[in-house]
Amino acid sequence: MTDEILLGELATALTCQSGVKIQINYAEKIPGGDINETYKLSTGEGLFFLKLNSSRSYPEMFAREFNGLSALRETNTVSVPRPLYHGTVGEKGFLLTEFMEKGGANPDFWENFGASLSRMHRNSQPHFGFPETNYIGTMKQYNSPYSSWSVFYAFNRLQPLTRAAYDKHLLDKDMVEKMEKLWRHLPNIFPDEPPALLHGDLWSGNFMVGRDGKACIYDPSVYYGNREMDLAMARLFGGFDTRFYYTYEAMFPLAPEWKQRISVCQLYPLMVHLLLFGGNYHNNVKEILNAF
């Protein structure tokens, strides 16, 4: 990383945050996925984590992530990196957070993680949604408020992705009709529950073992939704121990027949993956729709 203008801007931001003059000693590039460049910054005041991407391709992405991280941290239920600063320099967008050191898992890691998530999910508000549109991966995630989860899930989640997938010839007319049939059936599938604050993209790549031996979650796609969405996402790609689910259920029991709703909840992330990564996810989506 050689952009001295960006380094200078970041140093100024850190100085404003801390109240003392901070100089960035070096920036070490670390793995950060397909979308972002990620760095560990070493300064006289400690280590920080930096994410960069194209502000033109992903406008306001880091502002939305900043707000999502802030919302999760405010619950004081689970460890979340403290967001410090976001902005743009030239064509680069950036997000600066505290650097979370990795550690070894405590013996009760999974029980603690499940209990922490259950406490986070008890944070609610009157409507499903979030004050702003944000992102899941590189895709816009719409959060217009609705009092009904079924209406929210249909209009803000499944409908926009179905339209996009059809336009890209990833879904045919028959699958679109089956999707529309499912939308109409959603009120009969989901029981009434208050909105829960969700991570929104809770898979094994978005948590780590912190220095305290407990879970730290990051890269959120935050909104208030049905809490079964987070749990279904966690099950989709594996990586979560059964103790995580058992403890969650003991702390905050799910509504009856939750197992029958897992696939419906997984339809949203599968549609996201279909649009981002192509036809490999077509059969997964088709299998769920054929059940209705």
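Guide: The side chains of Glu-37 and Lys-92 form a salt bridge, with N to O at 2.5 Å. A salt bridge here is a side-chain nitrogen of Lys or Arg within 4 Å of a carboxyl oxygen of Asp or Glu. This is a predicted model: local features need pLDDT of at least 70, side-chain atom pairs count only at pLDDT 80 or more, and totals for chains, interfaces and linings use all residues. Residues are numbered from 1 along each chain as its sequence is written, and side-chain values use heavy atoms, with hydrogens and water left out.

Visitor: Which parts do Glu-37 and Lys-92 tie together?

Guide: Glu-37 is in strand S2 and Lys-92 in strand S5, so the pair links parts 55 residues apart in sequence. Strands (E, at least two residues) and helices (H or I, at least four) are DSSP runs, numbered from the N terminus.

Visitor: How many salt bridges does the structure hold?

Guide: The count is 12. Among them, Lys-40 pairs with Glu-28 at 3.7 Å, N to O.

Visitor: Is Lys-40 buried or exposed?

Guide: Lys-40 is buried, at 19% relative accessible area. Buried means under 20%, exposed over 50%, partly exposed in between (1.4 Å probe, protein chains only). Glu-28 is partly exposed at 35%.

Visitor: And Glu-98, what does that pair with?

Guide: Glu-98 forms a salt bridge with Arg-73, their closest N and O atoms 3.5 Å apart. Glu-98 lies in strand S5 and Arg-73 in helix H2, so parts 25 residues apart in sequence are tied together.

Visitor: Which residues do shared partners join into one network?

Guide: Lys-51, Glu-65 and Asp-219.
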